[in-house]
Amino acid sequence: MNNCLFCKIIDGIIPSNKVYEDEKILAFHDINPQAPTHILVIPKCHIPSVDGVNAENANVVAYLFTKIPEIAQSAGLTGGYRVISNCGSDACQSVPHLHFHILGGRQLSDTMA
Ligand code: AMP
Ligand code: ZN
């Protein structure tokens with residue numbers, strides 16, 4: 001059985017506050033927001049992290065990135081936003097299903113790490 005938290009959100013086993021969904025991707029509000037707007041965008045296929053992106057699944061990742069500007073615009077992020085993906089333990093990745101954080105709604109720090 002797939003014990004992945006985000007796969008369970010995709011399957012509706014765990015609830016989420018959705019902002020966008022189609023057949024390939026899902027976007028929902030982060031449960032512990034780090035900025036006034038903090039949205040997670042995930043592919044519906046299980047890819048563990050950026051390290052798991054390859055020639056076979058790169059199309060869904062590219063597709064996901066075409067949707068990020070639309071999702072950001074819908075969220076009202078007219079002043080800009082930051083897109084982050086934590087990969088592995090040094091980056092403090094806590095959920096092993098590829099996800100991109102969209103952060104915005106205030107002036108963000110000019111340091112990233
Ligand atoms: P990362 O630490 O980069 O792996 O990001 C995982 C993110 O998932 C964190 O920002 C968490 O707050 C968020 N998160 C964990 N569980 C949930 C959940 N059930 N619904 C929404 N966001 C979640
Ligand atoms: Zn998963």
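A polar contact here is a pair of N or O atoms within 3.5 Å, where one must be able to donate a hydrogen and the other to accept it. Keep that cut-off handy for the exercises below, and remember that this is a predicted model.

**Exercise 1. Work out where N57 sits and which backbone atom the side chain of N57 reaches.**

Start with the location: N57 belongs to the loop between β3 and α2. Next, check the accessibility. N57 comes out at 13%, and the cut-off for buried is under 20%, so N57 counts as buried. Now look at the side chain of N57, which reaches the backbone nitrogen of N54 at 2.8 Å. Finally, skip the residues up to four places away in sequence, and you find N57 touching I47 and G52.

**Exercise 2. Find the residues that hold the zinc ion (ligand 2), and decide what geometry they make.**

On to the angles. The ideal value for four tetrahedral donors is 109.5 degrees. Around the zinc ion (ligand 2), the four donor atoms subtend 103 to 117°, which makes the arrangement tetrahedral.

**Exercise 3. Say whether P96 is buried or exposed, and track down its contacts.**

Locate P96 first, in the loop between β4 and β5. With 51% relative accessibility, P96 counts as exposed. Now try a distance: P96 and C4 are 92 residues apart in sequence, yet their C-alpha atoms are 7.3 Å apart in space. Leaving out neighbours within four places in sequence, P96 is in contact with H46, I47 and P48.

C92 is exposed, at 60%. Most residues other than glycine have a negative phi. C92 isn't a glycine, but its phi is positive, at about 65°.

**Exercise 4. Describe α2: its span, its bend and its buried residues.**

Take the span first. α2 has 17 residues and reaches 25 Å from first C-alpha to last, close to the 24 Å expected at 1.5 Å a residue. Then look for a bend: there's one of about 30° at K67, with a proline, P69, following within four residues. Next come the buried residues, which are V60, V61, Y63, L64, K67, I68, I71 and A72. Their cover includes β1 (18–21), β2 (25–29), β3, β4 (81–84) and β5 (100–104). Just past the helix, G76 takes a positive phi of about 85°.

**Exercise 5. Find the polar partner of the H38 side chain.**

H38 is in strand β3 and counts as buried, at 4% relative accessibility. Its side chain makes a polar contact of 2.8 Å with that of H101. Beyond four places in sequence, the contacts of H38 include F28, H29, D30 and L103.

Note on methods. Residues numbered from 1 in each chain as written. Chains lettered and ligands numbered in written order. Predicted model: local features only at pLDDT ≥ 70, side-chain atom pairs only at ≥ 80, totals over all residues. Heavy atoms only, no water. Donors = N, O, S within 2.8 Å, 3.2 Å for Na, K, Ca; no water. Tetrahedral: all angles 85-135°; square planar, octahedral: opposite > 155°, others 65-115°. Helix = DSSP H or I, 4+ residues; strand = E, 2+ residues; numbered from the N terminus. Buried < 20%, exposed > 50% of the residue type's maximum accessible area, 1.4 Å probe, protein only. Contact = heavy atoms within 4.5 Å. Expected span 1.5 Å × (residues − 1). Bend = angle between axes of the 7 residues up to and from the residue.
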